[in-house]
Amino acid sequence: MAKARTLLPVAVDTLFAPATFDFDLYIRPDPSGPALLYREHSFPFERGDVDRLMRRGVTTLYIPDTGAASYQRYVHQEILSNTSLPPGQRFEALTAAGRMTFYEAFADGQVDRMIAFAEDLAGRVVDILCQREMVLFDLFRVMRHDHHTYTHVTNVCGYCLALAERAGVSDRNELASIGAGALLHDIGKRHVPRSLLNKPGRLTDPEREVIQRHPSVGFEELSPRQDLSWGQLMMVYQHHERLNGRGYPVRLQADEIHPWAKLCAVVDVFDALTCQRPYRRPWPVKEAMAYLHERAGSEFDKEMVQCWMAAMNSAR
Amino acid sequence: MLDGSDEQRSVADALALLPCDIELPAKWNDFFKRTGMLPCMRGDRRRFTRSFHRAQAALEYRQTLPHLARPAIWYCVYTTDITRKSIGFLHSEQLFPGERMRMMLIDGSERIVHVVRCRRIRNRCYDTGARFIDGFDAPLLQD
């Protein structure tokens, strides 16, 4: 049995059988229970294994974090380079690899690596989305719905790009810049204790204060850099600001908030609501949309919410 | 030679010439009258006691962050409270975490401040917290 904190989730869809991996695979029969060894490294993973897992409804396996680099190499060589695969499958593999990199960079505090990777990943996501073969609902379907920060940021990246396109952004460089900003928007959470981020119970006021510092901490860390734009920095600093001035850290009001931060705020909340959290079950899409709709114009930019609702409705 | 009060008067005269368009909330009409120690707040983790320090001060703008244009200019700000290591002040503009600026206090002393937080109170009134950077020659730009 392995400790849960040493394991990273990987989608079964990204493991193409037959194959032999350099890393052990674990399975979690009970989502809240311990992980058990499923397939030792160097032991062949067969097509029949995938079928059996699918029949049992298992969509996620786990690998030790020491196998992250090997998994990423596999994903890049076998999936991303294979243009005969559907865009949805390549996107899922891309975000899966992204989660790994972010997990490592978050753990090691490698900001340069995170920024370089954010730009690369955002560019690749834009390229897949620009193929127009993947609609928003496919995007939602392939997102992992757990509560890890490194899962959340790749989800928010995909959603931000879908919303930005819907809102009329067509320039590839601008889209890539928005995507990279989205991948970095929670970078300040690296400085929040993991026990606090994953706390199952209600947060105390001092704990909430610590968490609410992450936009300022992230901004201060990135703001001296020349290779990021002001819009990207505002995604980091202002994604928790609300139009009515009740957000944080500054309590800015409507026009004082950068458009990219307004965009990020909508999908950040959407992903937070539709993901599994330690303290609650994921909300159905319909309820998450209703939440945004109720707050459109008061907390969230009305036009952004309308674009997001239109995009989600047309996708279903 | 100027004594302490003369110096304060000359600093105050100089401050009066600086641009100052802070809009204090109406209910803060006793803003400059508060003195003494600040009470401890629940969950307060400050190491040093805070005192009210309600006075004008001068804040020198310079280029602070690569993407943020700051014209080289002095502004008048209102200090709110002070400790050995940090200061709170009101300003008419939003400042950003990590910005470093030079501040001249009402007693004529000059310090480099490093902005830690900024909160909007109302239009043209931002409550800003900064810590002092040791040494007058501390770099204004972060490494």
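What share of the 143 residues in chain B is buried?

1. Burial in chain B. The model is predicted. Buried residues account for 22% of the 143 residues in chain B. A residue counts as buried when 20 or more other C-beta atoms lie within 10 Å of its own, so that cut-off sets the percentage.

2. Make-up of chain B. The chain has one helix and six strands. Read from the N terminus, the order is α-β-β-β-β-β-β. Take the contacts in chain B with a separation of 6 or more: 57% of them link residues 24 or more positions apart.

3. Strands S1 and S2 of chain B. S1(B) covers residues 51–61 and S2(B) covers residues 73–82. The two run antiparallel and are joined by nine bridges. B:Gln56 has B:Tyr78 in S2(B) as its bridge partner.

4. Strands S2 and S3 of chain B. S3(B) spans residues 86–91. S2(B) and S3(B) are also antiparallel, with four bridges between them. B:Ile82 sits opposite B:Ile87 of S3(B).

5. The contact between the chains. Chain A contributes 16 residues and chain B contributes 13 residues. On the chain A side, three helices each supply at least two residues: H9 (205–211), H10 (214–222) and H11 (230–238). H10(A) gives the largest share, three residues. By class, this side of chain A holds eight nonpolar, five polar and three charged residues.

6. The largest nonpolar core. It has 91 residues. Which members touch the most other members? They are A:Cys160, A:Leu163, A:Cys264, A:Val266 and A:Trp308. In soluble globular proteins, nonpolar side chains tend to be buried together.

7. A:Trp308 in detail. Set aside its neighbours within four places in sequence. A:Trp308 then contacts A:Leu163, A:Val266, A:Val267, A:Phe270 and A:Leu292. Among these partners, A:Leu163 and A:Val266 are also on the list of core members that touch the most others.

8. Helix H1 of chain A. Is H1(A) well covered or hardly covered? It is hardly covered: H1(A) runs over residues 47–55, and the count of buried residues among its nine residues is zero. Just after H1(A), A:Gly57 has a positive phi of about 80°.

Methods
Residues are numbered from 1 along each chain as its sequence is written. Chains are lettered from A and ligands numbered from 1 in the order in which they are written. This is a predicted model: local features need pLDDT of at least 70, side-chain atom pairs count only at pLDDT 80 or more; totals for chains, interfaces and linings use all residues. Two residues are in contact if their C-beta atoms, placed from the backbone, lie within 7 Å. Ala, Val, Leu, Ile, Met, Phe, Trp, Tyr, Cys and Pro count as nonpolar, Asp, Glu, Lys and Arg as charged, and the others, Gly among them, as polar. Two strands pair if DSSP finds at least two bridges between them. A nonpolar core is a set of buried Ala, Val, Leu, Ile, Met, Phe, Trp, Tyr and Cys residues joined through C-beta atoms within 7 Å. A residue is buried if 20 or more other C-beta atoms lie within 10 Å of its own, exposed if 12 or fewer, and partly exposed in between; C-beta atoms are placed from the backbone.
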